[in-house]
Amino acid sequence: MTKQLRNIALWLDRRLHLSQIWEATAGHGIPKSSASWFYVFGSATMLCLGVQIVTGICLALIYQPSAQEAYASLHYLNYEQPLGWFLRGMHYWGSNFMVAIMLMHMTQVFVFGAYKYPRELTWVSGVILCLLTLGMAFTGQVMRWDQDAYWGLGIGVSMLGRVPFIGPELTHFLMGGPIIAGNSLSRFFTLHVFIIPGIVLALLSMHLRLVLSKGINEAPTAGKPVRRDSYEEEYEEMVHRGGARFAPDAIGKDLIFGGIVLGLIVACVLLFGPKGPEGIPDPTLINTNPRPDWPFLWFFAVASLMPPYMESVVLLLGPVVAIGIVIALPFFDNTGEKKWTLRPVSTVSLILVVVSLAAFTWYGATSPWSPEMDAWSSEPTPSHMIDGRTPLELQGALVFQYKQCRNCHALDGIGGQRGPALDLVADRMTPDQLVRQVVQGSGNMPAYGQNISPAEVKAVVAFLHTLHTEGRLPAQTALNLHEDPEGSPAGGDE
Amino acid sequence: MSDTEHPGSSERNQAHESAAGHEGRPCSCAGKSGEPDNPDRRKFLIRVGIGLNIAAGALVGIPVLGYLFSAFRKKEERSWISLGPADQFEAGKIRLASYRNPGAKGWDGQSADIPCWVRRDDSGEFQVFAINCTHLGCPVRWFEESGLFLCPCHGGAYYQDGARAAGPPPRGLYQYEHRLRNGELLVMGGRIPTLSQSV
């Protein structure tokens with residue numbers, strides 16, 4: 001029996017040349033230094049892609065790419081289709097892991113100087129694959145067709161609408177109509193399921209083909225710079241004399257890491273489940289707080305923190321310039337040292353980019369610039385700020401809540417962070433300055449003159465004037481020509 | 001590969017020659033019968049083939065491109081839409097209204113229900129604002145107590161007349177063209193507003 005099976009296997013191999021193909025691909029020679037744990041991220045990214053393809057095809061059996069039905073079909077997947085929740089979870093967490101591991105892969109390649117001669121196009125195809133993967137993440141977020149998807153798409157439309165001359169045409173093209181509706185979802189479905197995956201598979205074949213023909217980068221040693229005239233010979237030497245082969249010498253590490261990644265994806269699915277769909281995609285339900293998925297949070301933060309005058313230029317040209325620099329990298333940094341310790345500019349740039357992206361992502365997740373929409377009606381005024389105050393000051397504390405100052409200004413750490421916290425505002429502002437700030441606004445604060453009566457201003461300023469460091473006098477005008485006894489710190493704090 | 005191809009093709013040539021020999025024809029006929037040893041004929045066939053495919057490709061490709069980029073050409077999609085009787089909007093108040101977008105399709109679902117803010121000032125004059133923040137299109141909310149529209153995305157703020165108050169928005173809220181007819185409030189709507197094209 002086993003002999004027969006073996007004969008069948010041998011017959012198949014002779015006809016299909018399977019072991020030869022395996023030898024020629026997985027068995028390719030690699031430098032010994034590359035058979036290391038640093039080289040497992042590429043294959044793990046590909047493994048995630050496999051997970052995405054399988055789970056994506058499964059989901060497409062049920063999912064309805066129609067603005068009318070999508071939301072209901074997602075709920076059906078979550079709650080009625082057996083294991084639908086698991087497949088949705090795998091697809092969501094698979095995408096998170098794919099983006100994260102792909103970024104690790106890219107970082108490793110950058111740190112090891114692998115983009116240098118003669119692997120320029122391996123890098124370029126990888127950068128485009130990275131952008132396409134982010135494109136999959138964005139279009140996938142649209143597939144969720146909930147409030148975040150709807151308004152996230154709205155952000156994309158608003159950005160495109162800033163393009164000079166053809167802005168309206170571009171937005172119309174993106175949405176497939178004048179508004180975000182059924183045709184928009186169909187377009188993004190086509191992108192997510194046909195167009196981008198097709199290009200990904202094509203480019204991935206090129207990327208892998210280049211790994212075979214140009215070889216995998218050796219782990220760099222200091223003092224061995226890349227030279228165009230000698231590198232290829234040196235590389236041959238490394239691979240053939242004392243080199244290794246990907247299979248079987250290095251593949252074990254890739255298999256172990258891949259197994260761990262798959263296990264982690266499943267663990268995340270079991271612990272956290274699939275994401276959403278959240279609010280119903282009904283634009284008339286406006287009490288929503290749209291946020292993009294995490295790979296785009298940094299961009300969401302940048303869009304908030306930029307001054308308006310430079311925003312259109314940066315939003316439209318920034319990505320073009322940034323992507324251009326990353327793609328051009330192997331062409332202006334083609335030879336020389338690969339060891340990160342001897343590439344200070346590259347290393348510092350990488351640290352800057354990573355730290356900035358992490359910081360912006362953190363800001364995007366916490367969005368301190370957004371008003372706390374409910375703070376005015378739900379948060380208590382700290383009792384020590386109203387204890388023993390005069391009626392006017394108490395009235396001011398009420399005005400402070402009722403006029404929603406709290407939505408942007410925190411007291412005792414609770415409230416919005418759009419404006420400065422006001423716990424100690426009287427230390428730095430005199431009553432006159434407070435009146436001016438409330439009535440006329442400035443910087444990021446709207447002018448309240450139209451919406452607040454003089455009596456309310458007087459009350460709220462009296463309240464704010466009590467918020468100062470204990471044992472210190474509140475700020476006062478040094479030379480007040482219109483000195484009136486009431487202008488001095490009123491009550492409460494003697 | 002080329003090593004194996006050559007013997008193959010020469011074998012074929014030999015076979016052909018011998019076949020021709022069998023029929024007793026002279027070898028010069030080989031060129032006429034269109035076998036590969038006539039380079040001019042081969043070139044001609046390749047050129048005709050390429051030309052034919054370019055023509056056929058255009059026949060297939062132009063309609064495909066036309067179909068795809070039809071969304072690039074915009075026709076006027078706006079029209080006058082009723083927001084209901086004007087009396088329902090109290091003077092001195094701002095409230096949310098909504099309409100079904102003109103030209104909505106059967107599969108659009110709720111996404112074609114578009115909200116907007118209607119302001120009727122103390123003298124009874126109307127202003128109708130698009131829901132979209134002028135910064136990046138998120139839905140602004142009205143806060144009556146502080147008299148501000150606030151955006152949940154990046155903290156843009158607008159006064160009650162739609163003017164920009166604070167935050168990243170580059171301009172005030174988009175305003176619909178509107179008019180009253182038979183006691184109904186009509187707005188000119190039908191498309192999402194962006195900085196390059198208001199509602």
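The exercises below work through a predicted model, each with a solution in steps.

**Exercise 1. Helix H9 of chain A**

Task: Find how many residues helix H9 of chain A has, what span is expected of the helix, and where H9(A) bends.

Solution: 
- Step 1. H9(A) covers residues 182-214, which is 33 residues.
- Step 2. At 1.5 Å a residue, 48 Å is expected. From first C-alpha to last, the helix reaches 46 Å, close to that value.
- Step 3. The helix has a bend of about 40°, located at A:Leu191.

**Exercise 2. The buried side of H9(A)**

Task: State which residues of H9(A) are buried and what covers them.

Solution: 
- Step 1. A residue counts as buried when 20 or more other C-beta atoms lie within 10 Å of its own.
- Step 2. The residues of H9(A) that are buried include A:Gly182, A:Ser184, A:Leu185, A:Phe188, A:Phe189 and A:His192. Also among them are A:Arg187, A:Val200, A:His207 and A:Leu210.
- Step 3. In an α-helix there are 3.6 residues a turn, so residues three or four places apart point the same way.
- Step 4. The cover over the buried residues of H9(A) includes helices H3 (41-60), H4 (70-79), H6 (120-143), H7 (147-160) and H8 (167-175) of chain A.

**Exercise 3. The contact between chains A and B**

Task: Describe the side of chain A that touches chain B: how many residues, which elements, and of what kinds?

Solution: 
- Step 1. In chain A, 52 residues are in contact with 48 residues of chain B.
- Step 2. Elements giving two or more residues to this side of chain A are H7, H8, H12 (297-305) and H13 (308-332).
- Step 3. The largest share comes from H7(A), with 7 residues.
- Step 4. Sorted by kind, the residues on this side of chain A are 25 nonpolar, 21 polar and 6 charged.

**Exercise 4. Backbone exceptions**

Task: Locate two cis peptide bonds and two residues with a positive phi that are not glycine.

Solution: 
- Step 1. Most residues other than glycine have a negative phi, and most peptide bonds are trans.
- Step 2. One cis bond joins A:Ala247 to A:Pro248, with omega about 10°. A:Pro248 is part of helix H11 (residues 246-272) of chain A.
- Step 3. Another cis bond joins A:Gly276 to A:Pro277, with omega about 5°. A:Pro277 sits in the loop between H11 and H12 of chain A.
- Step 4. A:Leu83 has a positive phi of about 65°. This residue is in the loop between H4 and helix H5 (84-111) of chain A. A:Leu83 has 11 other C-beta atoms within 10 Å, so the residue is exposed.
- Step 5. A:Asp412 has a positive phi of about 55° and lies in the loop between helix H16 (391-402) and helix H17 (425-428) of chain A. With 15 other C-beta atoms within 10 Å, A:Asp412 is partly exposed.

**Exercise 5. The nonpolar cores**

Task: Find how many residues the largest nonpolar core has, and which element gives the most to this core.

Solution: 
- Step 1. The largest nonpolar core has 102 residues. Those with the most contacts inside it include A:Cys48, A:Ile101, B:Cys116 and B:Val140.
- Step 2. H5(A) gives the most to this core, 11 residues.
- Step 3. Neighbours within four places in sequence aside, B:Val140 is in contact with residues including B:Ile131, B:Phe149, B:Tyr158 and B:Leu173.
- Step 4. A second, separate core has 21 residues, among them A:Cys408, A:Met429, A:Leu434 and A:Ala462.

Technical notes:
Residues numbered from 1 in each chain as written. Chains lettered and ligands numbered in written order. Predicted model: local features only at pLDDT ≥ 70, side-chain atom pairs only at ≥ 80, totals over all residues. Helix = DSSP H or I, 4+ residues; strand = E, 2+ residues; numbered from the N terminus. Expected span 1.5 Å × (residues − 1). Bend = angle between axes of the 7 residues up to and from the residue. Buried ≥ 20, exposed ≤ 12 C-beta atoms within 10 Å, placed from the backbone. Contact = placed C-beta atoms within 7 Å. Nonpolar A, V, L, I, M, F, W, Y, C, P; charged D, E, K, R; others polar. Core = buried A, V, L, I, M, F, W, Y, C linked by C-beta atoms within 7 Å.
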